[in-house]
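Here is a short report on chain folds, domains and helix packing. Keep the coordinates open while reading.

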Amino acid sequence: MNRKKHALAWMVVTVLAAVALVVWLGPSGPLHRMQPAPRTPFAPLPPGVTPTLVSDQDLVERAQELDGQWVTFQGEALGDLMMRGESAWLNVGGAGYAIGVLMPRAEAVKVQILGNYRFNGDTVRVFGVFHRADPAQGGDLDIVASSLEVVKPGEPRPDPRAGNRVYAAAGLSLLALALFLAAHLVRRRSEGGEGHLGNAGH
Amino acid sequence: MRLVRRPHLEDFRVIGHYTGIIINGLGLAMLAPLLTALAFAEWAVAVDFVISLAVAFILGYGLLLVSRPRRHDLSWVQGMVVASFSWLVGMVVGALPYYLSFHYRSFLDAAFDVMSGFTTTGLVLIQDLDHVSNGINMWRHVLTYLGGQGMVVLALTFLLQDAAGAFKMYVGEAKDERLLPNVVHTARTIWYISLLYLAVGTLLQGLVGLSIGMQPVRAFLHGLWIFMAGWSTGGFAPMSQNVLYYHSALFEAVTVLFFVAGSYNFGLHYAVWVGKRDELVRNIEAVSFAITSTLLGAVVIAGLERSGTYANVATLLRKGYYLLISGHTTTGFQSIYGRQLALEWGDLALLGVITAMLFGGSAVSTAGGFKGLRIGLIFKALVQEVRRLLAPESAVVVEKFQYMREVVLEDGSVRNALLIVVLYLAMWGLGTAVGVISGFPVREALFESASVTGNVGLSDGVTSAAMPSLLKTTYIVMMWAGRMEFMSVLALLGFIWAGVRGK
């Protein structure tokens, strides 16, 4: 058997072994039993249900407990408003984690300022169903929100840097230039002399 | 009788000279974030980069001025020391713009993130990442892109025309495959391969960004950064949610394409480039990766199925395989939160990911870990031993493997492979111990230490700015030693020892 066939044979054996492992190690039966649950997207808040007010920390640390519940989550609209047809993804930042929120396009357009280097984004409050591992979204931890409200508009971010850094930059640049010139001078002299290091690239 | 020779002044000159060149190269690399900051009118950030660039040149040219060796060829020890020492100096210089950005609690945290970038690990201590400037984000990803190819490779490519002994620095950076007879040409080829992928990858990732609703400029910037981090198996991302931010299976699929490519040996890329396509299915590392990723994938899937973490097959495969392949290639892109790994993934699934992270990608690639070559060699040695036992006593059992060409398995290669694997395992144990001493549960410390050992970057929540300085420092040393594959770090320690105790 040549080496190419040998390698292919190894791959076939590996795939077969992998399938066997899945069947052997999975105690609760074949994988095909697991099917995604059908869901109506962006369902309105059912009457009599009060959404639980949650933090980003709660959503990540207590995900199993909160899975499938109606929640209210407040945070900063971050980065990009990613429109996908009649839906939109928005990542909403809390104190420690940002949480993905899927919502109707009509709700998403209420967001005016998204958080980035220059701005603190709008503070938004979303109402929706929390999913620890949303089967309809490839297992993402998310909130499928039926509504969004802007609690506080975004604003420019102050820059904490002191103005005198410009002087430091100018001074250091001059020193760097002086050393650059000195290094070149020394290199030229040494090249003219004893053939010193012709490969320094400086 | 003591045989340790105290280093001569000439040793310091040679090391200082080449370190100076490499630091100048790092300074030149700061032009990319500086231009980015200027393009987006981030003036304060641009000033920070001017300061940092000037400091890099002061140090680089200062070293060149004070270190003028009489000869410019390197001994093995000098080459190794240059490689490991320049990474340390580079860490300090590279941390300046980070520290000046006010996104770090301490200089140690900034240095941690630089080493994480250089070593393509991808763990971060940065604060408020979602508000970081484009300039700083560019620097984060340039660092990991440079680190993936290697800083010495960078210097060999652009700053040295014909350095005698350059191969020794190159080996010191854990790259020992010459694609071409001349090591400088090899370094250039590595860069050409990477730059070609950079163009294609940025375009593809950017187009996917557009298709998922991002604005054009942000789509292509994110495309560039995610490509850089993926190809380098670095795992950095411009947003705190990492790839989860994009909520897109297509976006994740394209990242897989490039980080798997990045984890393959540059020699394999070159072989395919010059038409030797059968190397893809015969190469010992490609075969090793196919086997281990399939087997460990099965373990992870079975583990997740057992723990009931995901409700359907598609979800389980998407999350399970993504994390597994991300870990195995030592990339560290994460499509779930770190705490979910700790709280929701069962022990079996974590065992699969830990093993994959330790195994790592290919030699002479951007990946870390034991490397597929060593896994393959050890396996081949086992097969050879079994064949020896079964063969007649007079028979000579020869085992061969394909690694760019057909190679006969030798005891020396197996011994070296085992030695490096043992060192990795010891380092994993050390990192776990310091994690536990720092107050983390054993399971979490084991996972995080494997991630650091393999230069992976997946995190179950241990790594944060709040962790003790002892653990941060330990992880820095582990990332550095792991990326260098120990030898040049040991050479540096030996050099220091000789300076203290030698005659």
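Two residues are in contact if their C-beta atoms, placed from the backbone, lie within 7 Å. By that test, residues 24 or more positions apart account for 74% of the contacts in chain B with a separation of 6 or more.

This is a predicted model: local features need pLDDT of at least 70, side-chain atom pairs count only at pLDDT 80 or more, and totals for chains, interfaces and linings use all residues. Residues are numbered from 1 along each chain as its sequence is written, while chains are lettered from A and ligands numbered from 1 in the order in which they are written.

## Chain B overall

Chain B holds 22 helices and 2 strands. Helices (H or I, at least four residues) and strands (E, at least two) are DSSP runs, numbered from the N terminus. The radius of gyration of chain B is 22 Å, close to the 23 Å of the globule rule for 503 residues, so chain B is as compact as a globular protein of that length. The radius is taken over C-alpha atoms, and the rule is 2.2 Å times the number of residues to the power 0.38. The C-alpha trace of chain B spans about 70 × 65 × 50 Å along its principal axes. Of its 503 residues, 63% count as buried (20 or more other C-beta atoms within 10 Å of the residue's own, with C-beta atoms placed from the backbone).

## Domains

Domain bounds come from an automatic or database domain assignment. The table lists both chains.

| Chain | Domain 1 | Domain 2 | Distance between C-alpha centres |
|---|---|---|---|
| Chain B | 9-263 | 277-467 | 25 Å |
| Chain A | 41-156 | 164-202 | 54 Å |

In chain B, 29 residues of domain 1 and 27 residues of domain 2 make the contact between the domains. On the domain 1 side, helix H10 (216-231) and helix H11 (249-263) of chain B are the elements that give two or more residues. H11(B) has the largest share, 8 residues. By class, this side has 9 nonpolar, 14 polar and 6 charged residues. Ala, Val, Leu, Ile, Met, Phe, Trp, Tyr, Cys and Pro count as nonpolar, Asp, Glu, Lys and Arg as charged, and the others, Gly among them, as polar.

## Between the chains

How many residues of chain B are in contact with chain A? There are 70, in contact with 70 residues of chain A. Helices of chain B that each supply at least two residues include H1 (9-29), H3 (43-66) and H14 (284-307). The chain B side divides into 39 nonpolar, 19 polar and 12 charged residues.

## Two helix pairs

Axes are lines fitted to C-alpha atoms, for helices over the stretch in contact, and angles run from 0 to 180 degrees between N-to-C directions. Angles under 35 degrees count as roughly parallel, over 145 as roughly antiparallel, 65 to 115 as roughly perpendicular and the rest as oblique.

H15(B) packs on helix H17 (residues 347-359) of chain B at about 30 degrees, with the axes 7 Å apart. That makes H15(B) roughly parallel to H17(B). Leu323(B), Leu324(B), Gly327(B) and His328(B) in H15(B) face a set in H17(B) that includes Gly352(B) and Phe359(B). The contact has 6 nonpolar, 3 polar and no charged residues.

Helix H21 (residues 469-484) and helix H22 (residues 487-501) of chain B pack at about 115 degrees, their axes 6 Å apart. H21(B) and H22(B) are therefore roughly perpendicular. Trp480(B), Ala481(B) and Met484(B) of H21(B) meet Met487(B), Ser488(B) and Val489(B) of H22(B). By class, that gives 5 nonpolar, 1 polar and no charged residues.

Terms used
Buried ≥ 20, exposed ≤ 12 C-beta atoms within 10 Å, placed from the backbone.
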